[in-house]
Each structure stands twice: as C-alpha cells, then as structure tokens.
Amino acid sequence: MLNQVNKKHIRVAQNASGRSMNVPVYHIKGQRPGPKVYIQSSIHGAEVQGNVVIYHLIQWLQAMPLCGEIVLVPNCNPVGTNIKAGEYTLGRFDPVNGTNWNRGYYYDPGQVDAFINTVTAEESVASIKQRFREHLSTAIAGKLASPWGLGLAQQLNLRLQQLALDADFVLDLHNGPVSTRHIYIPDYARESAKAFNFPHCIFIPNVFAGALDEATFCPWWTLTDRLNERDNRDIDFGIEAFTLEMGSQEVIDFAEGEIDARSIISYLTVKGLLPESQVSPAVMDRIGVMLSDYKTLFTGWGGMVEYCAQPGQHVKQGELLARVLNIDELDNDNGSHDILAPCNLIPMLHFPSASVLSGTQLYKCFTEYFYLTQQQDA
C-alpha cells in the first residue's frame with residue numbers, strides 16, 4: 001500500500017433532536033507533490049451510484065503512485081438520503097424550504113471585481129492563486145456566519161464548498177432519474193472532455209446557477225478573462241470543475257461503478273496525478289452539445305406514459321418519443337396521444353414515473369449536437 005487514507009467526519013447538519021449529522025471525508029495524499037482533487041457524491045439523496053464509484057477509487061488509489069492529493073466525500077447529504085416516502089427517496093429538495101440541494105453554493109461577481117483591484121501586473125500566478133483562494137474562503141465564512149442564518153441546503157452547500165475551495169479539480173458525482181451517462185464541462189475546458197470516457201458532453205458557459213461546478217469555475221474563469229484582458233497576459237490557473245451524471249438514480253451497480261471510477265482515473269492520469277497509471281482515455285465517439293441546445297420536452301397532457309425512446313438513443317424528427325394514455329378517453333380515439341420528436345435529438349434522461357401531470361419535464365435532450373471523437377481529431 002503506497003498511500004495512506006486518512007478519515008475524519010464533519011458535521012453538515014443537525015436533526016430536530018439536536019443530534020449532529022456527519023459525513024466521512026477521506027483524504028489520500030501521495031508521496032510526491034502535485035494537484036489537489038475534490039470529489040463528492042449524493043448531494044441529491046436518491047443519486048447514490050457515486051458512492052460505489054468513490055469506493056472503487058479509494059480501493060485503487062491506495063495502491064497507485066500518486067502525485068498530489070485527493071479528498072473524497074461520499075453521501076455528502078445524509079439529510080437527503082434519509083428522506084423516504086414508501087419505496088422512494090425524496091432527496092432532491094430541502095423538505096423545509098423547498099430548495100434544490102444543488103443550488104445553494106456561493107458565487108458573487110462583486111468579490112471577483114474587488115479582488116482584481118488588488119492584483120498588480122507583476123504578481124506571480126502562484127501568488128494570485130493563493131490570495132484569491134483566501135479571498136473566497138473569507139467570503140464563504142462570512143456567509144456562514146450571517147446573523148440572519150441560512151437555510152439548511154445552503155448551510156450544507158457552503159460547508160462542502162469550503163472543502164473544495166483549494167482543489168484544482170472538482171468532480172461532483174450525480175445521477176439522472178432514468179438516464180444515460182453525460183457530463184457537464186465548462187467551455188474553456190473543452191479538451192478535458194476527451195480525458196473522461198463519457199459519450200455525451202454538455203458544454204456550459206460562464207454563468208452561475210447555483211451548482212458546485214459553477215461555483216468553482218465561474219470565479220476563476222472571470223478572474224482569468226479580466227486579468228488577461230487588463231494586463232495583456234496569458235494566465236491559466238488550471239482550475240477545472242465538472243458534474244458527472246452516471247446513469248439512473250436509486251441504483252447501486254458495482255460493475256458500472258468500476259467503469260466510472262476507471263474514467264475518473266483516466267482523467268487524473270491526463271492531469272498528472274497518476275503518471276505511472278496504465279489507464280488512458282478510451283477511443284470512443286464523444287458527442288457534444290452547447291447548454292443552450294440541451295432542451296427539455298414538456299408533456300401537454302397528463303396521464304400514464306410509455307417511454308418509447310430510451311436515453312442515449314438517436315431519434316429523428318417526427319419519430320415516436322412517448323405515448324400517453326388518457327384514462328377518461330379509453331372508449332374513443334383520444335385514449336392515447338403520441339409525442340413525437342420535434343427535431344433530430346438524443347434523449348439523455350426521462351421522468352422516472354409512468355404517471356405524469358401536464359407540464360411535466362418528460363425528457364431532456366441533445367439537439368444541434370456535434371461529434372468530438374478521438375478518431376476525427378487524430
């Protein structure tokens with residue numbers, strides 16, 4: 001065993017009995033210097049597959065020569081994991097405030113503007129990087145110390161963000177309802193799409209919507225652009241963050257977890273943490289889409305749905321996506337409605353239940369997609 005795993009627990013919430021709810025934090029430090037990585041899973045309670053991915057990573061990384069260090073936080077939201085209704089986990093929203101557990105991270109563009117005014121054209125990249133992290137850390141600590149308090153979801157998010165703040169690479173492991181593998185990638189880190197073995201890649205802009213990946217890369221992206229423009233420099237702070245969607249929620253699959261853990265090992269190898277690793281990115285088709293072309297299809301009818309198009313399937317305009325059964329019209333021609341593809345598309349995920357209300361987000365789909373295969377780039 002080359003690398004020792006250190007484990008501690010941090011409090012992320014308290015229940016109504018005043019008892020602390022803790023999560024384990026695993027820290028693996030290599031024998032040689034290098035970047036720092038932060039990986040968490042299950043911020044949404046039903047999205048549990050990331051935990052088995054982290055299990056495989058911990059098992060493998062103990063025996064692999066590591067340059068740098070890796071922090072792993074499985075089941076980072078024990079509150080959400082334990083919100084059950086019968087057979088289902090209702091762990092997507094804070095049950096008290098209704099807040100999405102993945103929308104309470106912190107980013108304030110004004111903090112970036114204030115920091116830029118302290119940077120001189122002669123300051124080194126390493127110095128800027130260290131001071132900016134301290135600047136962001138102070139801002140997050142200030143939010144947590146607000147005399148007005150914070151909602152549970154934001155308290156949890158900010159405590160996790162503090163753990164991720166000094167990482168060079170941040171990976172947030174998720175699942176869709178019924179989903180195929182896809183990954184969210186900041187557009188400036190487009191080349192990193194080829195380091196993961198994910199067939200579907202969503203490229204996202206420098207826009208903050210509350211998620212951990214955005215809270216990580218938005219301040220650094222903004223700082224980089226502003227300083228390079230102001231000082232005519234070519235700074236690259238080397239910060240990347242991704243949301244990895246690894247199939248469907250409410251499922252643990254050890255074999256599939258090995259596949260995704262191997263994909264993460266591939267990325268860490270490309271980024272220099274595992275220089276002696278024999279794992280390299282797979283030669284495979286990778287399909288990309290801009291976030292603006294990642295479309296949601298809503299159903300105009302309530303009823304019972306048959307999902308005819310499966311996640312990852314290529315569907316042409318006019319082909320059948322789903323069929324809706326109307327219980328009040330079973331005795332006439334209106335007993336069912338076909339939902340057809342409005343354009344050529346690839347469904348990434350669909351609603352998990354066969355019972356839907358009108359206006360339900362039935363599918364999320366790639367449209368106007370393009371290929372970024374290794375074969376074509378070679």
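Q: What makes a space in this predicted model a pocket rather than a cavity?
A: A pocket is an open set of grid points with protein on both sides within 12 Å along at least five of seven lines, whereas a cavity is a set of points where a 1.4 Å probe fits but cannot get out. The largest pocket of this predicted model has a volume of about 1100 Å³.

Q: Which residues lie nearest the centre of the largest pocket, and how many line it?
A: The lining has 39 residues, and His44, Glu47, Arg92, Pro177 and Lys364 are those nearest the centre. A lining residue is one with an atom within 4 Å of a point, so each of these five has such an atom.

Q: What makes an element count as a supplier of at least two residues to the largest pocket, and which elements are they?
A: The elements are strand 6 (88–89), strand 7 (169–176), strand 9 (182–186), helix 6, strand 11 (240–248), strand 17 (346–350) and strand 19 (361–366), and each supplies at least two residues of the lining. By class, the lining has 18 nonpolar, 13 polar and eight charged residues.

Q: How many cavities of 30 Å³ or more does a search of the whole structure find?
A: The search finds two.

Q: Which residues line the largest cavity, and how do you know their classes?
A: The lining is made of Leu136, Gln161, Ala164, Leu165, Ala167, Ala215, Thr216, Pro219, Trp220 and Ile239.

Q: What lines the second largest cavity?
A: Its lining consists of Tyr106, Tyr107, Leu136, Ile140, Gln161, Leu165, Ala215 and Pro219. Helix 4 (125–144) and helix 6 are the elements that give two or more of these residues. Seven of the lining residues are nonpolar, one is polar and none is charged.

Q: How is the packing of helix 3 and helix 6 described?
A: Two packed helices are described by the angle between their axes and the distance between the axes. For helix 3 (residues 109–116) and helix 6 (residues 212–231), the angle is about 35° and the axes are 10 Å apart. Their crossing is right-handed.

Q: Which residues make the contact between helix 3 and helix 6?
A: Helix 3 contributes Val112, Asp113, Phe115 and Ile116, and helix 6 contributes Pro219, Thr222, Leu223, Arg226, Leu227 and Arg230. The residues of this contact divide into six nonpolar, one polar and three charged. Asp and Arg count as charged, so Asp113, Arg226 and Arg230 are the charged ones.

Q: Why is Asn232 called exposed?
A: Exposed means over 50% relative accessible area. Asn232 has 72%, so Asn232 is exposed. This residue is found in the loop between helix 6 and strand 11, and has a positive phi of about 55° although it is not a glycine.

Q: How do you know whether Glu368 is buried or exposed?
A: The relative accessible area of Glu368 is 61%, so Glu368 is exposed, the cut-off being over 50%. Glu368 lies in the loop between strand 19 and strand 20 (370–371). Its phi is near 50°, a positive value in a residue other than glycine.

Technical notes:
Residues are numbered from 1 along each chain as its sequence is written. This is a predicted model: local features need pLDDT of at least 70, side-chain atom pairs count only at pLDDT 80 or more; totals for chains, interfaces and linings use all residues. Side-chain values use heavy atoms; hydrogens and water are left out. Axes are lines fitted to C-alpha atoms, for helices over the stretch in contact, and angles run from 0 to 180 degrees between N-to-C directions. Helices (H or I, at least four residues) and strands (E, at least two) are DSSP runs, numbered from the N terminus. A crossing is left-handed if the near helix is turned anticlockwise from the far one by less than a right angle, and right-handed if clockwise. Contact means heavy atoms within 4.5 Å. Grid points are joined across faces, edges and corners, and a volume is the space filled by probe spheres set on the points. Buried means under 20% relative accessible area, exposed over 50%, partly exposed in between (1.4 Å probe, protein chains only).
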